[in-house]
Amino acid sequence: MDFESNNWVWEGMYYYPRLFGGIMLTAALLGLSTSYFGGISVPTLLYPFADRSIFHKKKHGKKRVRVYMDGCFDLMHYGHANALRQAKALGDELVVGVVSDEEIIATKGPPVLCMEERLALVSGLKWVDEVISSAPYEITEEFMNRLFNEYNIDYIIHGDDPCLLPDGTDAYALAKKAGRYKQIKRTEGVSSTDIVGRILSSSKSRNTPQDCSNSSPTGEADSINNKCGEEKQAKGGHISHFLPTSRRIVQFSNGKGPGPNSRVVYIDGAFDLFHAGHVEILRRARQLGDFLLVGIYPDQTVSELRGHQYPLMNLYERSLSVLACRYVDEVIIGSPWEVTQDMITTFNISLVVHGTVSESNSSMEGGQDPYAVPKSMGIFQVIESPKDITTTSVAQRIIANHEIYVKRNTKKAASEKKYYAERKYVSGD
């Protein structure tokens, strides 16, 4: 019997077995030929009592939808992560193209992160299934056909913000013409241009005296934060425009806690300006247990550690970046500097780890060892940091080429300002 030609019958029998059984029984009693119903023989009357797995043939054979999204992904932030999360929601498998250094230089100017670093960041995101390195900035006909035929891509995804080539044409025009284009909502409040601006702004205030004591008691954190915020704003410092919501945190979260016998590994830090070094140390930490819990320091703690110009990203921005990492199971938003006995008991922590590469903490030198308790319990371990990248070293790349990035940002800032002036509400976030 031809399965596909009688598809309506099979599906009807699967979803409405009693109805079809009744129809067939009535037909048999009236002496009608069951061939009228698509060539189904009388023994199929036994269907309600039979193994239904055979009727899953077509359902299980359904083609998985593969979607493609590309980008520079320079200075990876939670906006990039959210874009890829939305893209993955439009299909079953997400393939991500990372634009080459050469094409970024030709279309935007020099990238801050090299291809290897950008690949590590994209590959480390929980929603990414496959990565194509050195993807073209423009979706040409040749590359589009390669996506469709070689990578079996069904749809090409991009945000609702325009992506224009140097000649002013739409980089996704061919995909739109082919009817294989889908759009997602841009994450507002952050961009690579914005982050470069924050770094340039922080470099100006680096040597500016601040009347915000780094050695003040923790109880004065709120008043210090208010004072520092006012001074930053008065001096033209970087102010985040990110508006955190509980829904966004849920979207990024795994939503699962550790099992009763899970080995919970804990690592903490600022995780400011999320980079390839963070991805690699988190990967190594996760390999030591079944569940990775990450503590994210409050903004005030980071300022005490590294100076008033830090953090570049606020607590919620940093938390989302860490949550987006595939090796992370859960985060503590605003974790204490000191790992206490109460924390270890509350979260059932089996192992506390720390990397060999970290930022300077001269303002807190000579103070209490934050890992004294886990060390006394014999559950502390230092793990070798795979990369020597730090937030400061990434920021220094921009500061060292100040004029280039100021020029680049001036041009990009103008296009972003125009986008926000003309933007309209887009649903489906």
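This text walks through a predicted model, from the whole chain down to single residues.

Start with the overall picture. The protein chain has 18 helices and 10 strands. It runs to 429 residues, and 47% of them count as buried. The accessible surface of the protein chain is about 21700 Å². Carbon and sulfur atoms hold 53% of that surface.

Next, the aromatic rings. A pair of rings is described by two things, the distance of the centres and the angle of the planes. The structure holds 5 aromatic pairs. One of them is formed by Tyr68 and Phe143. Their ring centres lie 5.9 Å apart. Their planes meet at 65 degrees, and an angle over 60 counts as edge-to-face, so this pair is edge-to-face. Where do the two residues sit in the chain? Tyr68 belongs to strand β1, residues 66–71. Phe143 belongs to helix α7, residues 141–149.

A second pair joins Trp127 and Phe252. Here the centres are 5.2 Å apart and the planes stand at 75 degrees, so this pair is edge-to-face too. Trp127 lies in the loop between α6 (115–123) and β3 (130–135). Phe252 lies in helix α11, residues 246–252. The pair therefore ties together parts that are 125 residues apart in sequence.

The charged end of Arg180 sits over the ring of Phe148, 3.8 Å from the ring centre. Lys375 does likewise with Phe380: its charged end sits over that ring, 5.1 Å from the centre.

Now look at Ala372. This residue is found in helix α16, residues 372–376. Its relative accessible area is 33%, so Ala372 is partly exposed. Ala372 and Val339 are 33 residues apart in sequence. In space, their C-alpha atoms are 7.8 Å apart.

Turn to the backbone. Most residues other than glycine have a negative phi, and most peptide bonds are trans.

Which residues have a positive phi without being glycine? Phe73 is one, with a phi of about 55 degrees. Phe73 sits in the loop between β1 and α4 (78–89). With 5% relative accessibility, Phe73 counts as buried. Phe271 is another, with phi near 50 degrees. Its place is the loop between β6 (264–269) and α12 (276–286). Phe271 counts as buried as well, at 6% relative accessibility.

From Tyr310 to Pro311 the bond is cis, with omega near 0 degrees. Pro311 is found in the loop between α13 (299–306) and α14 (315–323).

Among the buried residues are Leu315, Leu320, Val322 and Leu323. Glu317 and Arg318 are also on the buried list, as are Ser319 and Ser321. Asn314 caps the N-terminal end of α14. A side-chain oxygen of Asn314 lies 3.1 Å from the backbone nitrogen of Tyr316.

The side chains of Asn82 and Arg85 are joined by a polar contact of 2.8 Å.

Last, the cysteines. How many disulfides does the structure have? A search of the whole structure finds 0. Cys72 counts as buried, at 9% relative accessibility. Cys325 also counts as buried, at 2%.

Notes. Residues are numbered from 1 along each chain as its sequence is written. This is a predicted model: local features need pLDDT of at least 70, side-chain atom pairs count only at pLDDT 80 or more; totals for chains, interfaces and linings use all residues. Side-chain values use heavy atoms; hydrogens and water are left out. Rings of Phe, Tyr and Trp (its six-membered ring) pair if their centres lie within 6.5 Å; planes under 30 degrees apart count as stacked, over 60 as edge-to-face and the rest as tilted. Helices (H or I, at least four residues) and strands (E, at least two) are DSSP runs, numbered from the N terminus. A charge sits over a ring if NZ of Lys or CZ of Arg is within 6 Å of the ring centre and within 35 degrees of the ring normal. Buried means under 20% relative accessible area, exposed over 50%, partly exposed in between (1.4 Å probe, protein chains only). A polar contact is a pair of N or O atoms within 3.5 Å; within protein, one must be able to donate a hydrogen and the other to accept it, and residues adjacent in sequence count only if both atoms are side-chain atoms. A disulfide is a pair of cysteine sulfur atoms within 2.5 Å. Accessible areas come from the Shrake-Rupley method with a 1.4 Å probe; for residues, only the protein chains shown count as cover.
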